[in-house]
Amino acid sequence: MNHPYQNLEGHPLWQPIQKALGDLTSNQDISITTDSRYVVGYLLSTIIQGNPDLSLFLEAVEEIAIASVATNCESIQDAEHVVGGNGG
């Protein structure tokens with residue numbers, strides 16, 4: 001089902017917010033009567049709009065994570081090359 005916050009579903013904070021709301025609902029601390037995606041999307045969009053630096057920070061973290069994975073992959077390939085080169 002389409003909703004106005006679909007573009008935010010891939011945001012790194014979507015899942016933590018969704019989980020927190022799910023926990024609060026399960027504990028009967030709150031009751032959500034609308035589709036939870038609307039609530040998560042609204043909260044996330046409010047957080048992003050109120051904290052423009054947060055988006056820049058999250059983009060930087062994502063870039064660092066991608067670079068780290070790439071470096072680790074290169075290290076693994078180097079290790080495999082060394083092991084393979086020793087007749088292993």
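Modeller: This is a predicted model. Among contacts in the protein chain between residues at least 6 apart in sequence, those joining residues at least 24 apart make up 62%.

Colleague: What does the secondary structure of the protein chain come to?

Modeller: The protein chain has three helices and zero strands. Along the sequence, the pattern reads α-α-α.

Colleague: At what angle do helix α1 and helix α2 pack, and how far apart are their axes?

Modeller: Helix α1 covers residues 14-26 and helix α2 covers residues 36-50. The two pack at an angle of about 125°, and their axes are 10 Å apart. Angles of 65 to 115 degrees count as roughly perpendicular and those over 145 as roughly antiparallel, and α1 and α2 are therefore oblique to each other.

Colleague: Is the crossing of α1 and α2 right-handed or left-handed?

Modeller: The crossing in which α1 passes α2 is right-handed.

Colleague: Which residues make the contact?

Modeller: On α1, the contact is made by Trp14, Ile17, Gln18 and Leu21. On α2, the contributors are Ser36, Arg37, Val39, Val40, Gly41, Leu43, Leu44 and Ile47.

Colleague: How does the contact of α1 with α2 divide by class?

Modeller: The contact has eight nonpolar residues, three polar residues and one charged residue.

Technical notes: Residues are numbered from 1 along each chain as its sequence is written. This is a predicted model: local features need pLDDT of at least 70, side-chain atom pairs count only at pLDDT 80 or more; totals for chains, interfaces and linings use all residues. Side-chain values use heavy atoms; hydrogens and water are left out. Axes are lines fitted to C-alpha atoms, for helices over the stretch in contact, and angles run from 0 to 180 degrees between N-to-C directions. Helices (H or I, at least four residues) and strands (E, at least two) are DSSP runs, numbered from the N terminus. Angles under 35 degrees count as roughly parallel, over 145 as roughly antiparallel, 65 to 115 as roughly perpendicular and the rest as oblique. A crossing is left-handed if the near helix is turned anticlockwise from the far one by less than a right angle, and right-handed if clockwise. Contact means heavy atoms within 4.5 Å. Ala, Val, Leu, Ile, Met, Phe, Trp, Tyr, Cys and Pro count as nonpolar, Asp, Glu, Lys and Arg as charged, and the others, Gly among them, as polar.
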